[in-house]
Amino acid sequence: MNLRQLVAFCRIVDLGNFSIAAEDLGVSQPAVTLQMQALERELGTILLDRSPRRVVATDSGRALYKHAKQILLLAEQAQREIDEVNQLLRGRLLVGASTGPGEHVLPQIMGRFKRDYPDIEIVLRILPTHEIIAQVLDNELEVGVVGAKEKSPKLQFEPFVQDRLIVIVSPGHPWVSMREVTMESLLGEPFILQQPGAGVRIMLEAGLEAMGLSLSDLNVHMELGLQESIKTAVGAGFGIGIISRFAVRQELRLGTLVEAFVPDLPSFRDEFYLVRNPARKLSRLTQLFLSFAKDQMLGLAQ
């Protein structure tokens with residue numbers, strides 16, 4: 001039993017498919033199949049139920065999976081400590097993020113970090129907020145940056161950078177010439193809403209609840225996946241939207257989107273949070289990046 005076999009085994013269980021796991025690992029499917037056959041021979045048991053629809057772990061496989069995850073985490077920690085002893089700064093920086101910070105905050109910071117540390121491989125994994133949180137909890141990610149917190153005794157959420165949500169309309173919208181817009185007008189206007197699980201939507205829902213309202217009180221015209229989709233639809237005049245100000249800084253400067261002021265709407269402070277598992281010691285590389293990122297925050301928040 002070796003680490004490569006355990007890595008392949010865990011990816012197959014996580015993804016439920018030999019081909020997808022092989023692609024994720026950057027090897028051929030036959031190579032992964034041979035690794036699993038050798039592992040099962042060595043352990044003298046069947047680890048995977050190879051059904052046509054999805055590969056799942058057997059009882060023996062589930063027992064191995066629990067310990068394999070711990071072994072791989074310990075191996076990673078051992079390599080990290082060896083690197084630190086030898087004062088090596090190398091390897092792969094993997095950060096997870098939800099769409100808001102992943103599209104509009106982290107790319108600038110990571111680009112500057114790469115400029116200062118060109119030998120480090122940088123990977124930004126963008127997924128919905130709840131998936132990033134789940135991957136941090138499962139130790140697939142050291143850290144993530146998300147637009148909303150979840151209650152979990154095993155995770156720690158720290159403020160990363162603060163944004164605010166604003167109402168946006170197209171340049172040709174009647175509200176552009178108005179100094180203020182009533183809440184009644186907002187509720188009656190065709191509204192473009194982001195998908196469930198998005199940090200912006202979670203913040204909007206909480207803000208409306210504080211006013212005694214819910215998403216059902218909005219005249220939802222369309223529900224789109226990403227903030228980029230909402231920007232495009234609003235800019236084309238298909239409705240209004242509420243979005244992170246970070247996401248539309250350039251459009252506001254160019255005048256392709258316009259902010260509408262609704263005084264009765266609460267001031268949505270959109271906090272981006274750093275999420276991590278406090279039981280897991282951060283790598284020297286991740287600590288360096290987080291320290292670097294904090295130094296960059298003031299400029300980005302302007």
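Close-up 1. The structure, a predicted model, holds four aromatic pairs, where rings of Phe, Tyr and Trp (its six-membered ring) pair if their centres lie within 6.5 Å, and planes under 30 degrees apart count as stacked, over 60 as edge-to-face and the rest as tilted. The rings of Phe 113 and Tyr 117 have centres 4.8 Å apart and planes at 40 degrees, so this pair is tilted. The rings of Phe 113 and Phe 292 have centres 5.3 Å apart and planes at 70 degrees, so this pair is edge-to-face. Because Phe 113 belongs to helix α6 (residues 106–116) and Phe 292 to helix α12 (residues 284–300), the latter pair ties together parts that are 179 residues apart in sequence. Helices (H or I, at least four residues) and strands (E, at least two) are DSSP runs, numbered from the N terminus. Ring pairs link Phe 113, Tyr 117, Phe 289 and Phe 292 into a cluster. Phe 113 counts as buried at 0% relative accessibility and Phe 292 likewise counts as buried at 12%, whereas Tyr 117, at 27%, counts as partly exposed; buried means under 20% relative accessible area, exposed over 50%, and partly exposed in between (1.4 Å probe, protein chains only).

**Close-up 2. Strand β3 and its parallel partners.** Five of the six residues of strand β3 are buried, so the strand is largely enclosed by the rest of the structure. β3 and strand β4 (residues 121–126) pair in the parallel sense over six bridges, and Leu 94 has Val 123 as its bridge partner in β4; two strands pair if DSSP finds at least two bridges between them. Strand β3 (residues 92–97) is also joined to β5 by two bridges, again in parallel, with Gly 144 of β5 as the partner of Gly 96 and Val 145 of β5 as the partner of Ala 97. Within β5 (residues 143–146), Val 143 and Val 145 point one way, Gly 144 and Val 146 point the other way, and all are buried.

**Close-up 3. The crossing of helices α2 and α3.** The axes of helix α2 (residues 18–25) and helix α3 (residues 29–43) come within 8 Å and cross at roughly 105 degrees, which makes α2 roughly perpendicular to α3. Axes are lines fitted to C-alpha atoms, for helices over the stretch in contact, with angles running from 0 to 180 degrees between N-to-C directions; angles under 35 degrees count as roughly parallel, over 145 as roughly antiparallel, 65 to 115 as roughly perpendicular and the rest as oblique. Phe 18, Ser 19 and Ala 22 in α2 meet Gln 29, Val 32, Thr 33 and Met 36 in α3, contact meaning heavy atoms within 4.5 Å. By class, this contact has four nonpolar, three polar and no charged residues (Ala, Val, Leu, Ile, Met, Phe, Trp, Tyr, Cys and Pro count as nonpolar, Asp, Glu, Lys and Arg as charged, and the others, Gly among them, as polar).

**Close-up 4. Helix α10 and the residue that follows.** In helix α10 (residues 227–235), the buried residues are Gln 227, Ile 230, Lys 231, Ala 233 and Val 234. Just after α10, Gly 237 takes a positive phi of about 90 degrees.

**Notes to all views.** Residues are numbered from 1 along each chain as its sequence is written, and side-chain values use heavy atoms, with hydrogens and water left out. In this predicted model local features need pLDDT of at least 70 and side-chain atom pairs count only at pLDDT 80 or more, while totals for chains, interfaces and linings use all residues.
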